[in-house]
Amino acid sequence: GPAPFLEQDVGAGRAPDAETQPRASAEKAAPARLKGERGPLPLVAGVDIALDEPEEALAPDLAELEAKDAALADAVESAAATSPPAIQVQPSTLHFGGYQVGSEHKLHIRVTNTGHERCRIRVKGTTSAEFETRYKTRGLVAPGMTETITVVFKPDQWRYYYDSLRVSSSHDSNADIIVPVHGYPVINKARFPRLIDFGVCAIGVTHTRYAALECKVPMPFDYDISEVAPSSEFKVSPLRGTIPANGMVKVRIDFTPRQFTVATYSIRLHVSQFNFEPIVCTVNGSAFPGVARNAIVARDEKKLMDEIAHEDAPYDEGVVAAMRSIRFDSYAK
């Protein structure tokens with residue numbers, strides 16, 4: 001920068017020349033400023049101070065950057081350790097629930113490349129004679145693309161079958177995804193009712209409904225019924241038993257209302273079948289005044305009309321009304 005104005009230059013009324021002014025003049029001007037004497041602040045000393053500190057001022061910044069780099073490396077390593085697998089298999093388990101002996105049944109598995117690079121899908125198929133794995137190798141699979149594996153089931157008798165297959169990728173051939181394969185007979189499609197409504201019933205009278213359990217395969221199954229929401233107005237029998245092969249069993253449900261109310265009852269059915277989902281059945285019933293009397297009137301009125309219909313000569317409408325009045329007026333009292 002330019003040389004500072006010296007005291008003698010100010011007194012003489014002229015500015016010093018920056019090229020000819022010696023550095024010694026600037027060194028003499030610095031103490032004059034410190035002593036409180038008049039004169040501008042020397043610029044050379046400020047430049048010297050700024051150049052004397054760079055190494056000490058940058059040292060803390062370098063240490064902070066090294067710490068940030070180390071933290072970033074740890075984060076990258078942690079993300080790599082917790083990254084999702086290179087492939088995804090759907091479904092994770094195959095169920096051949098319900099089959100016909102001697103028939104061929106097929107299910108499919110979808111394998112998707114969920115990684116960021118192309119990979120090869122490797123399959124180790126089933127080993128038993130009843131299961132066959134069909135897969136055609138197509139080379140490298142791009143990210144997001146899907147391959148299909150077909151499993152064929154050919155049962156030769158009514159029993160439970162089990163096998164498994166393994167799926168892996170070329171990026172991680174040691175991490176096999178095991179897909180279990182099950183084959184088993186079922187009693188029938190779920191036909192047990194989910195809701196039974198007795199409607200409005202007479203108080204003190206037992207009303208009965210039946211629910212059937214049917215088996216359409218040549219092997220028996222055990223069943224068990226448990227109460228989920230018990231009620232003293234309902235009764236189920238039998239609570240457990242055996243469904244015969246190619247047969248049917250009936251479950252009896254009785255409703256005996258003991259007061260004028262709306263009753264609710266829930267039961268759960270479980271069958272000794274692999275992968276069976278329990279069925280919950282809700283039973284409703286109600287009782288109101290006058291139901292028993294109305295039922296008796298309806299029964300007797302039907303009986304009267306049947307007697308009139310069997311007469312040789314038809315009755316006049318007035319005679320029929322009189323007969324009904326005589327017989328049923330007592331019920332209204």
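In this predicted model, Glu104, Lys106 and Lys154 are joined in a network of salt bridges.

The structure holds seven salt bridges. Another of them joins the side chains of Glu130 and Arg159, at 3.8 Å from N to O. Glu130 sits in the loop between β4 (121-124) and β5 (131-134), and Arg159 in the loop between β6 and β7, so the pair ties together parts that are 29 residues apart in sequence. Glu130 counts as buried, because its relative accessibility is 16% and the limit for burial is under 20%. Arg159, at 32%, is partly exposed.

A further salt bridge connects Arg240 with Asp224, the closest N and O atoms being 3.1 Å apart. Arg240 lies in strand β13 (residues 240-243) and Asp224 in strand β11, 16 residues apart.

Attention now turns to the interior. In general, nonpolar side chains of soluble globular proteins tend to be buried together. Here the largest nonpolar core has 28 residues, of which Phe192, Phe198, Leu213, Tyr223, Leu269 and Val283 touch the most other members. Strand β15 (262-271) gives the most to this core, with five residues. Tyr223 has contacts that include Leu213, Val249, Val251 and Leu269. Apart from this core lies another, of 19 residues, among them Val89, Tyr99, Tyr161 and Leu165.

Conventions:
Residues are numbered from 1 along each chain as its sequence is written. This is a predicted model: local features need pLDDT of at least 70, side-chain atom pairs count only at pLDDT 80 or more; totals for chains, interfaces and linings use all residues. Side-chain values use heavy atoms; hydrogens and water are left out. A nonpolar core is a set of buried Ala, Val, Leu, Ile, Met, Phe, Trp, Tyr and Cys residues joined through side-chain atoms within 4.5 Å. Buried means under 20% relative accessible area, exposed over 50%, partly exposed in between (1.4 Å probe, protein chains only). Helices (H or I, at least four residues) and strands (E, at least two) are DSSP runs, numbered from the N terminus. Contact means heavy atoms within 4.5 Å. A salt bridge is a side-chain nitrogen of Lys or Arg within 4 Å of a carboxyl oxygen of Asp or Glu. Lists of a residue's contacts leave out its neighbours within four places in sequence.
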